[in-house]
Amino acid sequence: MNEHIDKIKLQLEALRADIELHNYRYYVLDNPTILDAEFDQLFRELQRIEQNYPQLITADSPTQRVGAAPLKAFTQITHRIAMLSLNNAFDDAEVEAFNRRICEGLSIDCVEYAVEPKFDGLAISLCYEGGMLKTGATRGDGNIGEDITVNLKTIKSIPLSLPGKQPPTLLEVRGEVLMLKADFLALNQRQLTKGEKEFANPRNAAAGSLRQLDPAITAHRRLTFFAYGVGRNEDSQMPKDKHSDVMNYLASLHFPIAKECQVVTGLQALLTYYRTIGAKRDQLPYAIDGVVYKVNSLSQQEQLGFVSRAPRFAIAHKFPAQEAITQLLDIDVQVGRTGALTPVARLKPVFVGGVTVTNATLHNADEIERKDVRIGDTVIVRRAGDVIPEVVSVVLDKRPFDARVFTIPDHCPVCGAKAVRLPEEAVSRCTGGLFCPAQRKQAILHFASRRALDIEGLGDKLVDQMVDNAIVHTPADLYKLGITALANLERMADKSANNILQAIEKSKHTTLARFIYALGIRNVGEATAKELATHLGKLDRLIEANSERLQQIPDIGPVVAQSLVDFFAEAHNREVIEQLRACGVHWEEHEGKSVLMLEAAPFSGKTFVLTGTLPTMSREEAKEKIEALGGKVSGSVSKKTDYVVVGTDSGSKYDKAVSLGVRILDEEGLLTLMQ
């Protein structure tokens, strides 16, 4: 019987070691070597054996990371060596003074430093006895912390036991528990889905998760650990020379170490590291609030000693705060290039993220309601890098009695047109697309784009100049331009101006589908514009159609129909359209085609693919002719393709058509087929 138990013990030891190795590769190295399903199979096998032999369950088994009963309260742990905090530096001058003190204290001219990111998390202490995790505690007041051992065991990047056949008698590892940015976003999404309060930032989320009395809750919220040093230790293998060697040793024991840790020499190298990490700050997977400089030599650290509650040999060089508290004075509404109405908080000036902030985005009406933001509130503002500052949350304890609820206006504050919010959208939008000054540049660029009126040469920079110089206010003004007005613009000679005028003149002859698309109506793309033109035949029918009539057209649902009705309900939009017609913009109209007529069309049910350059037609013209006869034009060749129309330089689509036996036409063959 004993022989059988010994065999099971060996099996369990091997299985546990294998699982912990895979945990290390997944959670620390971010380099898994087996599939999740294979890992799950190993874990279930461990659970099965332990259920059959509960007397063989050990404290360091991977199955014990979650399983302790909820605590009634945290007990206290006295740290073997006090967990001191660091003094802070907030500018280059304070770092220079720190370096000078170090050099003077050591009587040398240049010092080697170990440098690392300063994590924005919770400092903790992990004590291993005989290689087994015995206790884990918060820093607390530096001398006494809270015993959170059961919660720390749920963090899979923390080893439950140390590798090697001769583990240290005692090893205290110190580091930071935090929540990665991706895990923070996922947690808040789950909170939102459950209708529960979201966390303000990753640090708050980590603190709230780590101090749960129920370790199962901690386990459900994915936390991460990074080591940054050691406390008390009785370890013959512990490096004695340099802090950087200590960190490499901890990494060999499977403790996660920040990849950004470096060794540098001298003051300028410290400042360069600070700026390099600052530039990468927003791209890092975790939140940091500065960097830490430590004298690398352990003997020099001992020589420098401590002052008050901080070491002389180390300092934290802090980044400018990314969050600050201020008062929300008012809420304005800005109108974007696409007509979106965005509420903007007007703030009492506050220094945050290295700049003075007076405005912050509130995103949309739903966000204002969710965060319960009111005019007059005291709010927390966040600014990260070049990201637009945002209002994170409200300090409800400081809400004044006269705080006012804000409501998004139902009319555009710029042009006065009706503002509507469609059922599937989070923002309200101005319906005055053709005349609203806030949307002017976007409307003109879209109108002139290749798939709309196709005015060659009319790009962003030229449109910017036209609008900024008040030459063009609506798309109709393009057709009233003269050479003098254009030639006076920057980098616009007579020849260039003439080319633009010729392109504008050429664009007057278009199709109804292109014209509808060019109007830039919300939710009306190319395909929808073609359906409208095909079924209605005339622009006036579209302008006069109600929602019920529009929804009779295939693929036109209530959202698109309402967008069309709202757009044409604006008198100013109709006025711009009439001006365009008066300027000579025209197209062929017809009586419209019913579904039955389309089904009887010559190319009904036929799929074409166009490839290469045709002799006399552009591919866009060929596409329009095919679709006018009821055909469909696809971008790829398949067994369902009926015809591939080829020109010169046809490429792989021709080869695929040959291999599939699809009928191939040249331009002449296509024209013959059309006849």
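**Val-333**

I started with Val-333, which is buried at a relative accessible area of 18%; the cut-off for buried is under 20%. This is a predicted model, so I take every value as computed. I looked up where Val-333 sits and found it in strand 14, residues 323-335.

Next I asked what Val-333 is in contact with, leaving aside neighbours within four places in sequence. I got Leu-341, Thr-342, Pro-343, Phe-406, Pro-409 and Pro-413. I also checked Val-333 against Ile-556: they are 223 residues apart in sequence, and their C-alpha atoms are 31 Å apart in space.

**The cavity**

How many cavities of 30 Å³ or more are there? I count one. The volume of the largest cavity comes to about 30 Å³. I noted its lining as Leu-341, Asn-364, Ala-365, Ile-408, Arg-421, Ala-426, Val-427 and Ser-428. Leu-341 was already on my page as a contact of Val-333, and here Leu-341 turns up in the lining.

**Helix 5**

I moved on to helix 5, residues 181-193. With 13 residues, helix 5 reaches 18 Å from first C-alpha to last, close to the 18 Å expected at 1.5 Å a residue.

Which residues of helix 5 are buried? My list reads Asp-183, Phe-184, Leu-187, Asn-188 and Gln-191. They sit on the same side of helix 5, because the arc they cover around the axis is only 135°.

I then looked for what the buried residues pack against, and it is helix 6 (202-210). On the other side of helix 5 I found Ala-182, Leu-185 and Thr-193 exposed. Just after helix 5, I marked Gly-195 for its positive phi of about 75°.

**Nonpolar cores**

Last, I looked up the cores. The largest nonpolar core has 83 residues, and I noted Leu-478, Tyr-479, Phe-515 and Leu-532 as those with the most contacts inside it. Helix 16 (residues 512-518) gives this core its largest share, six residues.

Not counting residues up to four places away in sequence, Leu-478 touches Ile-444, Phe-447, Ile-455, Leu-458, Met-466, Val-472 and Ile-504.

Methods. Residues are numbered from 1 along each chain as its sequence is written. This is a predicted model: local features need pLDDT of at least 70, side-chain atom pairs count only at pLDDT 80 or more; totals for chains, interfaces and linings use all residues. Side-chain values use heavy atoms; hydrogens and water are left out. Helices (H or I, at least four residues) and strands (E, at least two) are DSSP runs, numbered from the N terminus. The expected span of a helix is 1.5 Å times one less than its number of residues. Buried means under 20% relative accessible area, exposed over 50%, partly exposed in between (1.4 Å probe, protein chains only). The arc is that of the directions from the helix axis to the C-beta atoms. Contact means heavy atoms within 4.5 Å. A nonpolar core is a set of buried Ala, Val, Leu, Ile, Met, Phe, Trp, Tyr and Cys residues joined through side-chain atoms within 4.5 Å. On a 1 Å grid over the protein atoms alone, a cavity is a set of points where a 1.4 Å probe fits but cannot get out, and a pocket is an open set with protein on both sides within 12 Å along at least five of seven lines; lining residues have an atom within 4 Å of a point. Grid points are joined across faces, edges and corners, and a volume is the space filled by probe spheres set on the points.
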